[in-house]
Every structure is written in C-alpha cells, then in structure tokens.
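Keep the sequence and the 3D view open while you read.

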Amino acid sequence: MKHGKFLSAIGVASIAATFTTLPTLAETSNKAITVVLAVELDSLDPCDTQPAQNANITRGNIFESLTHVNPTQGKVEPLLAESWKQTSDLVWEFKLKKGVKFHDGTDFTAAAAAANIMRTQGGADYPGLACLNSGQIPDPVKAEAVDDLTLRVTTKVLDPILPLRLSYIDIGDLASQKKAAKVLNPSGTGPYKFVSRKQGESVKLTRFDGYWGSAPQIKDVTYIVRKEPSVRASMVETGEANIALSIQAQDATDDDRTVTFKDNRIFVMRPNTHKEPFIDPRVRQALSYAVDRDTIVPAILGMTGAPYYQMLGPQVNGFIPGYNENDAMKFDPAKAKVLIAAAKADGHPVETSFDIITRPDILPDGGELVQAIAQNLKEVGLNANIKSMENTAWREFLRQPFPPEQRPTLQMISHDNTSGDASFSYPKYITCKGINSAICNPELDKLVAGAEVAAGDKRAELYQAASKLLLKEAGMIGIAEQIRLIMLGEGVHYQPNPLSGLEVRIADVRLDN
C-alpha cells in the first residue's frame, strides 16, 4: 500500500475546499455485520474518542468533527465545516455545513460546535470531566457562535495548525447533558446512531436515515470484544463475525481476506527518568543497546512489525531521515554493559529493580515480545520485572503526576500519530508538564515551544531537533514499527488506510449482494 505524505503544517490564511467524495456506495440494505474488537471501549463520550478502543466504534460512525485528515493524502479537509479562514493571527472563522442534524433530530449549529470545543478542553466550567481528547488542544482556545453557521475560534498563542487540531474534536449533541457527567447515550451527526451498550458484552449501532451524506450500505452493526487474537480470527473464519481487528500473523489468511496497513504506530519504551535506575542517560541509552530488535521483532511479530528506533513514524514532521539505518543505538550488549558500569562508578544504583508496565493488548504477540525485551535487559545486568495489567490500570502509570511511592517503571507504549504533525505527540509525551511525559529537559521544552508557533519547513526543523535530543537522552526508545492486520469475512470488502487503527468507518465497508 502506498501512503501519501502527511501535512507538516497549515501555513495559509484561508482554506476553502470540497470534502472528498466517497467511493460509490452500493444500494442500502437491511444487512447487519458483527465486528470483533480486541479491547472494550471505556467511553461513549464525544470528548473521549482519541483512544483506539473508543475511536474504533465512535469516530466516523457516531461522531464527526469539523475537519478531517485525508488518510491517503494527509491534507486537512472540510467535514462538518465547509470552509475556514484566519482573520488575524489569533482568530479563525469556520463556515459550517448547512442542513446537518444530530441523531435526536436537533440541528447542528455553531453553538453546538463551540460547546463541544469548550467542553473537550475541560477547565473550571467542567469540574472533574477529564476528557481524553483534551491533550489535542494544548493551549486553551475560546470558541463562540457568530451565527447559526459561523464559528469563531480565538487562540491564546499563534497556532498555524488549528484546523488540524479541530479534526480531533468530535461533535455531539450536548443540549441536555450535565456539565460534569460523561455521555452515556450519545447523539452525533455520523452515519450510524447509537442503539445500546451491554457492558462487557456488546455495543450496537444502526444506520441513521437522516444522515447529511451518502447513506451507508450496512444497516446494523454489533461490536463485541474477544481479547485473544486467535479467537477473533476464528470467529471470522466460522462466520460468527464479519470483521476482526488486530489479528496476529499466524492467523492471517493467504488471500485478500486479510488486509494490512500502517498507521504510523510505533511500539516504544518509556523509562521514568525521575527515578533510579533511569536518572542517568547512560542507563537509558543502555536500554536501547540491550534490545536485539533485529532478532526478536521479526521472530515474534512476523509480518506485523519491523525493527525501529525512533518515536515517530516516517510520515510525521519530527521524523529524522536516515537515523534508523545509520545512527541508531542498535544491539550492542557489550556497549550497554560499559554504559551501565560507568553510571554505577559515578554512584548511580543501577541494580535497582524496576517494573516493565505493559498490557495484554499492547500489540499482537505483545506479551511474548515484552518477555524477550525483559530477558535482553537482564542479560546486560538490569533488574526488570514484568507487570501486565488491563488498560485502565496501565493508564494510571502512563500519566502524571507519578506518586512518590511508585516504583521505577519502564512503560510499554504503542504510540500512533496519524496527523503527520509532531504537536500531537511531543507536548504531552516529552515536555516537562506533558501529561504522558516521564522526562524533563528545558532544552526539549524550548524546541517544542518554538515548533508549536512555527510553520512549514521551520516547524519540521525544530521538531527534528527535538527528536535528535530526545534520542540522545533516550527519553522514548523505539522498538518496532507496527503493521496492522484486519481479517474480513466472505463477501466483506474494506480497504484500510493509515487511519484504520483508530477509526474503521462502517460506511466504507461493502458487502456482496
């Protein structure tokens, strides 16, 4: 599959475009499909659609956003917004699509869009809400309706990629929603509306007949969860399900029913640099030298992964060309031991035990890969213990603040960036105050802050400088570029794209007549 180059920045004052026309749809039918997922969703709220376990069901199906990233060209395109323009350095105006309705029959308006933007950011008006999408707008903005179909967004700092950021703000009908509560019965503008959820069992959607766009072919969708990838694959083989996400290489078919895609998803290790044994960068560098990627990644992941050394994929503007091939800290256990010994000689307790924090669904065959990594680390003298936990508990170790009593950790993270811009990764993962950051380096903060207000080549240059410093500091250590597999049932057709790891639009699925 060929992937287009993603947008590095929006450096223009005005954009007005027509949303990309979808491929011709088959006639609508009364057919239903079952999709089997690896992880149960934990929220149906429009402000929680960033994690894949929620996005796979809600994004592009129940909810839509003002803008959308074209998955193959990487350009920001209109969706619920028809066009936009930057009226001054800090002010943008968006003209919204006319005639769009929410699933409950109410009109989509600029007031509804503004309410979702403000709510997703949280703040004093939404105490305790904790939206998972809030990190996509690192600096608060003010959103307000000028009239029913004109939205004004004012930023506090220069933000050349605001239209791109708004592609991560999904829109729901909040008219009757309590401010501090999460949505349980969602109403969006997408091609499918919510029917029911049985926690631990299933989520059901049905086609929205009032959808503003082309009507999808499939009428009803049921999502179920099976944690074992072999079980998901066998359900498609036996006809119990029509689509299985995140299957393993050994379960793949040798025909076109198994489809592959890349989504800029990188499997990385994140040492907590605030605690021993990871305070000294030499010990963190030793982590990279200790892992034999060239052996364990192809042996365990097969067609679903390839050795990798950076945090960002090649379509992101912070990616460093040539680093993986020429400059990476590749497998060298002797060098790892020398670095560890040097840190120990300077008084660092390198023998301190630490926990490898992972989860069963981190990637196909992830458990076996983590075990191999742990063994590599022990072979160079590090004291690693694996702790595998469910997603909610895993996330508690991911986010600041880290409790003082918490043991030192090496967190396994499957990180994706489908936007093409490092601002959706670096502010929250590598800056001192980043919610998912376990490193604090003022120089990194300076580079990221400069990149945030720059555009085009200058933006990419600053992000790449931050990437080089991050690699030197070994604050995030790349292990494998992930290749994703989806299995389709007989008569089911779906062409995955770089966004398919986050959103599988059922409107893009075709069934044989």
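The report goes from the cores to the aromatic pairs, then to single residues, a helix and the backbone.

This is a predicted model, in which local features need pLDDT of at least 70, side-chain atom pairs count only at pLDDT 80 or more, and totals for chains, interfaces and linings use all residues. Residues are numbered from 1 along each chain as its sequence is written, and side-chain values use heavy atoms, with hydrogens and water left out.

## Cores

Start with the nonpolar cores. A nonpolar core is a set of buried Ala, Val, Leu, Ile, Met, Phe, Trp, Tyr and Cys residues joined through side-chain atoms within 4.5 Å. Buried means under 20% relative accessible area, exposed over 50%, and partly exposed in between, with a 1.4 Å probe and protein chains only. The largest core has 71 residues. Phe 267, Ile 373, Leu 377, Tyr 426 and Ile 430 have the most contacts inside it. Another core lies apart from it and has 30 residues, including Ala 113, Ile 117, Leu 151 and Tyr 168. In soluble globular proteins, nonpolar side chains tend to be buried together.

## Aromatic pairs

How many aromatic pairs does a search of the whole structure find? The search finds 6. Rings of Phe, Tyr and Trp (its six-membered ring) pair if their centres lie within 6.5 Å; planes under 30 degrees apart count as stacked, over 60 as edge-to-face and the rest as tilted. The table gives two of the pairs.

| Pair | Centres apart | Angle of planes | Class |
|---|---|---|---|
| Trp 84 and Phe 94 | 6.0 Å | 40° | tilted |
| Tyr 168 and Phe 424 | 4.6 Å | 35° | tilted |

Helices (H or I, at least four residues) and strands (E, at least two) are DSSP runs, numbered from the N terminus. Trp 84 lies in strand S6 (residues 81–88) and Phe 94 in strand S7 (residues 91–96), so this pair ties together parts that are 10 residues apart in sequence. Trp 84 counts as buried, at 3% relative accessibility. Phe 94 is buried too, with a relative accessible area of 0%.

The other pair spans 256 residues in sequence. Tyr 168 lies in the loop between helix H3 (162–165) and strand S10 (170–171), and Phe 424 in the loop between S20 and H11. Both Tyr 168 and Phe 424 are buried.

## Asn 417

Asn 417 sits in the loop between strand S20 (409–416) and helix H11 (426–429). Is Asn 417 buried or exposed? Asn 417 counts as buried, at 3% relative accessibility.

A polar contact is a pair of N or O atoms within 3.5 Å; within protein, one must be able to donate a hydrogen and the other to accept it, and residues adjacent in sequence count only if both atoms are side-chain atoms. The side chain of Asn 417 makes such a contact with the side chain of Ser 419, at 2.7 Å. Another, of 2.9 Å, joins the side chains of Asn 417 and Ser 425.

## Arg 284

Arg 284 is in helix H5. At 2% relative accessibility, Arg 284 counts as buried. Its side chain reaches two backbone oxygens. That of Ile 279 is at 2.9 Å, and that of Glu 473 is at 2.8 Å. Contact means heavy atoms within 4.5 Å. Leaving aside neighbours within four places in sequence, Arg 284 is in contact with residues including Pro 271, Phe 278, Ala 474 and Ile 477.

## Helix H8

H8 (residues 333–345) has 13 residues. Ala 336, Leu 339, Ile 340 and Ala 343 are buried in H8. They cover an arc of only 95° around the axis, taken from the directions from the helix axis to the C-beta atoms, which puts them on the same side of H8. The buried residues of H8 pack against helix H5 (281–290). On the other side of H8, Ala 334, Val 338 and Ala 345 are exposed. Gly 347 follows H8 and has a positive phi, near 100°.

## Backbone

Most residues other than glycine have a negative phi, and most peptide bonds are trans. Ala 130 has a positive phi, near 50°, and is exposed, with a relative accessible area of 59%. Ala 474 also has a positive phi, of about 50°, but counts as buried at 3% relative accessibility. The peptide bond from Glu 276 to Pro 277 is cis, with omega near 15°. The bond from Gln 400 to Pro 401 is cis as well, with omega near -5°.

Methods: The expected span of a helix is 1.5 Å times one less than its number of residues.
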